[in-house]
Amino acid sequence: MILGLETSCDETAAALVTADGYIRANIVASQADLHARYGGVVPEVASRRHLELVSPVVREALAQADATLDDVDRVAVTQGPGLIGALLVGLSTAKALAWARRLPLVPVDHLDGHIASLYLQPAPLEPPFLCLLASGGHTMLVDVESYGTQRILGSTLDDAAGEAFDKGARLLGLGYPGGREIDRLAREGDPAAYDFPVARVPGLDFSFSGLKTALLYATKKLSPEELERQRADLAASYQRAIVRALVERVREAAEQVGAARIAVVGGVAANSELREALADAALAPLDLTTDNAAMIASAARFIEPVPYPGYLGLDAFASR
Ligand code: KG4
Ligand code: ZN
């Protein structure tokens, strides 16, 4: 079994996955409540919380799988990108566990992890496919040719799609993280109430910062009572604009590269309107869209492990 660890942002996660991709345990301790009062993740607070949670979360994963460390053959961990202090907690824990048991270690790129959420049983997807990766930190189109070979076709020039959801939610006075809140509120609103434009940038890149500004101006024109009454319409229209931008670009890219299959991963892949709009695509299982360690262990199945003890000098990286 592979023990996976993920601590790149505000989820402390551990999972046990078999070499053929079956999830035996998948534990995610979210810190969202802790950061909600600040309206976003506070890096230093996140690191400290990871430190408190990481051992109990690993223990809980082992218990859920009815396993011990004797059943673990490899340790996989997110090396980056993410919050450097948060990443270091997971990486140091992984090193310590692997070193103590003389096991190999697999450093995993968080974005490869999101893509590998599609490779898990019971319905694993096989490359090639065109992947839309939309999360809080990243929005990109990836041409996945095989398990190890991929090409980035486009990415966001400013905000990530999830970030646009989160910032929009803040402007609407909704909680953090905002994507799920907007998703829920949008169901009660009229998506045609406001015409929010999305910047069309050349190539296959994305841009969401103008949209956020458009929402800011729309809310500024409203009194607090009007905003309260319009909140659902604003959420629905705002979500429609983000989803449209994502869907248009992914269809365009699919045509350009002649992709037979489209896949969607990352936190924003949980969005109900996006899932409906891309119902013909391979969608990451709902519980594996936001950050988790099963996807990290899954990615490790396709990466050469670093043998004991060569990984002790490995460092985390904040950005690619
Ligand atoms: O992949 P993820 O857990 O973390 C990163 O790697 O960034 O993605 C988190 C992002 C947040 O911005 C959150 O608001 C967004 O995913 N998200 C959603 C939904 N659920 C989570 N966005 C839109 N609709 C949702 N239902
Ligand atoms: Zn992520």
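**Exercise 1. Is D112 buried, partly exposed or exposed, and what does its side chain pair with?**

Solution. This is a predicted model, in which local features need pLDDT of at least 70, side-chain atom pairs count only at pLDDT 80 or more, and totals for chains, interfaces and linings use all residues. Residues are numbered from 1 along each chain as its sequence is written, chains are lettered from A and ligands numbered from 1 in the order in which they are written, and side-chain values use heavy atoms, with hydrogens and water left out.

- Step 1. Take the classes: buried is under 20% relative accessible area, exposed is over 50%, and partly exposed is in between (1.4 Å probe, protein chains only).
- Step 2. D112 has 23% relative accessibility, so D112 is partly exposed.
- Step 3. Look for a salt bridge (a side-chain nitrogen of Lys or Arg within 4 Å of a carboxyl oxygen of Asp or Glu). D112 forms one with R320, at 3.9 Å, N to O.
- Step 4. R320 is in the segment after α10 and D112 in helix α4, 208 residues apart. Helices (H or I, at least four residues) and strands (E, at least two) are DSSP runs, numbered from the N terminus.
- Step 5. R320 has 53% relative accessibility, so R320 is exposed.

**Exercise 2. Find the protein donors of the zinc ion (ligand 2) and describe their arrangement.**

Solution. Donors are N, O and S atoms within 2.8 Å of the metal (3.2 Å for Na, K and Ca); water is not among the atoms, so sites may look incomplete.

- Step 1. The protein donors are H110 (NE2), H114 (NE2) and D291 (OD), 2.0 to 2.1 Å from the zinc ion.
- Step 2. Along the chain, the donor spacing reads H-x3-H-x176-D.
- Step 3. H110 lies in helix α4 (residues 110–116), and D291 in the loop between β10 (282–283) and α10 (294–300), so this pair ties together parts 181 residues apart in sequence.
- Step 4. Check the angles. Four donors are tetrahedral if all angles lie between 85 and 135 degrees; four are square planar and six octahedral if opposite donors are over 155 degrees apart and all others between 65 and 115; anything else is irregular. The four donor atoms here subtend 96 to 136 degrees, so the arrangement is irregular.
- Step 5. Check burial. H110 is buried at 6% relative accessibility. D291 is buried at 14%.

**Exercise 3. Where is D10, and what does its side chain touch?**

Solution. 

- Step 1. D10 sits in the loop between β1 (2–6) and β2 (11–17).
- Step 2. D10 is buried without a salt bridge; R180, the nearest side chain of opposite charge, is 9.7 Å away. Lys and Arg count as positive, Asp and Glu as negative; His and the chain ends are not counted.
- Step 3. The side chains of D10 and Y176 make a polar contact at 3.4 Å. That term means a pair of N or O atoms within 3.5 Å; within protein, one must be able to donate a hydrogen and the other to accept it, and residues adjacent in sequence count only if both atoms are side-chain atoms.
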